[in-house]
Amino acid sequence: NGRDGLGAYIAEPETYPSNVVVNHNEDFVAIYDMFPKSSLHLLLLPRDPTKTRLHPFDAFEDAEFLTKVRTEVYKLRTLAAAELRRKYGKDSAQEQARQAALIADPAPEELPAGRDWEKEIMCGVHAVPSMNHLHVHVIAVDRYSERLKHRKHYNSFATPFFVPIEDFPLAEDDVRRHPTREGYLKSDFVCWRCGEKFGNKFTQLKEHLEREFEEWRRL
Ligand code: 5GP
Ligand code: ZN
């Protein structure tokens, strides 16, 4: 298994329960990340055998394929947003107002918009993936998870080591094509939400992330 561990989902998605494989079709398999680095962390796995072994930067040079992947990633993001709304939406005053308005059956234009949870989800790849099969992360921005145990876990989603799917195709001279793995993953911690700096103090970062999570989910 090891670095090839994602291959089994692509080969036989139908053999997994729905708390492992979110959904699948001929071309893609969506799964829950087994070691989630946020309160919600999914992976989209393209099944195209000519692409699944490629580095994402190379796979996404194919414009047609990139478009196809992006479309599917955004569908998964919509699903993920609905999941966040279910998990956290009830706590938000805005959502309560929306629910109350729904019960009162008002004209659609009177409905408060509700929180746009899609904005709270990042979609992208790691400049140096650790798993061999092509995969795109669809991950809530909170980075609040007990599985986030190492500095590289945080920094791989909080520095240019994480390359958003929106940024493809990368320019020829994009510095992220030549990632200084050590550089990005060893850089000082910066809170994703408020920008506070934590140097190399991981425990303090973790405590801060918990406080930020509590505020963020209720916003
Ligand atoms: P990478 O760093 O390669 O972009 O991310 C690979 C992701 O795959 C990581 O977030 C890791 O937690 C996840 N992962 C590793 N092995 C497995 C596995 O066997 N099953 C699932 N569902 N996720 C895995
Ligand atoms: Zn902060």
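**Ligand site, pocket and backbone features of the predicted model**

His 137 is found in strand β5, strands being DSSP runs of E of at least two residues and helices runs of H or I of at least four, both numbered from the N terminus. The structure is a predicted model, in which local features need pLDDT of at least 70, side-chain atom pairs count only at pLDDT 80 or more, and totals for chains, interfaces and linings use all residues. Residues are numbered from 1 along each chain as its sequence is written, chains are lettered from A and ligands numbered from 1 in the order in which they are written, and side-chain values use heavy atoms, with hydrogens and water left out.

His 137 has a relative accessible area of 5% and is therefore buried (under 20%; exposed is over 50% and partly exposed in between, with a 1.4 Å probe and protein chains only). Its side chain is joined to that of His 41 by a polar contact of 2.9 Å, a polar contact being a pair of N or O atoms within 3.5 Å; within protein, one atom must be able to donate a hydrogen and the other to accept it, and residues adjacent in sequence count only if both atoms are side-chain atoms.

An oxygen atom of ligand 1 is placed 2.8 Å from an N or O atom in the side chain of His 137. Backbone atoms also take part: a polar one of Tyr 32 is 2.9 Å from a nitrogen atom of ligand 1, and a polar one of Met 131 is 2.9 Å from an oxygen atom of the ligand. On its own, ligand 1 has 520 Å² of accessible area, and the protein covers 88% of this (Shrake-Rupley method, 1.4 Å probe).

The volume of the largest pocket is about 710 Å³. The lining comprises 28 residues, and Asp 33, Phe 35, Lys 37, Ser 130 and Met 131 are the closest to the pocket centre. Two or more lining residues come from each of α1 (7-11), β2 (28-32), β3 (41-46), α5 and α6.

Two backbone features lie in loops. The peptide bond from Phe 168 to Pro 169 is cis, with omega near -5 degrees, and Pro 169 belongs to the loop between β6 (162-164) and α6 (181-185). Arg 143, although not a glycine, has a positive phi of about 50 degrees; this residue lies in the loop between β5 (136-140) and α5 (151-155) and counts as buried at 5% relative accessibility. Most residues other than glycine have a negative phi, and most peptide bonds are trans.

Helix α3 (residues 63-88) contains Arg 85, which is partly exposed at a relative accessible area of 30%. Tyr 88, also found in helix α3, counts as buried at 5% relative accessibility.

Key:
On a 1 Å grid over the protein atoms alone, a cavity is a set of points where a 1.4 Å probe fits but cannot get out, and a pocket is an open set with protein on both sides within 12 Å along at least five of seven lines; lining residues have an atom within 4 Å of a point. Grid points are joined across faces, edges and corners, and a volume is the space filled by probe spheres set on the points.
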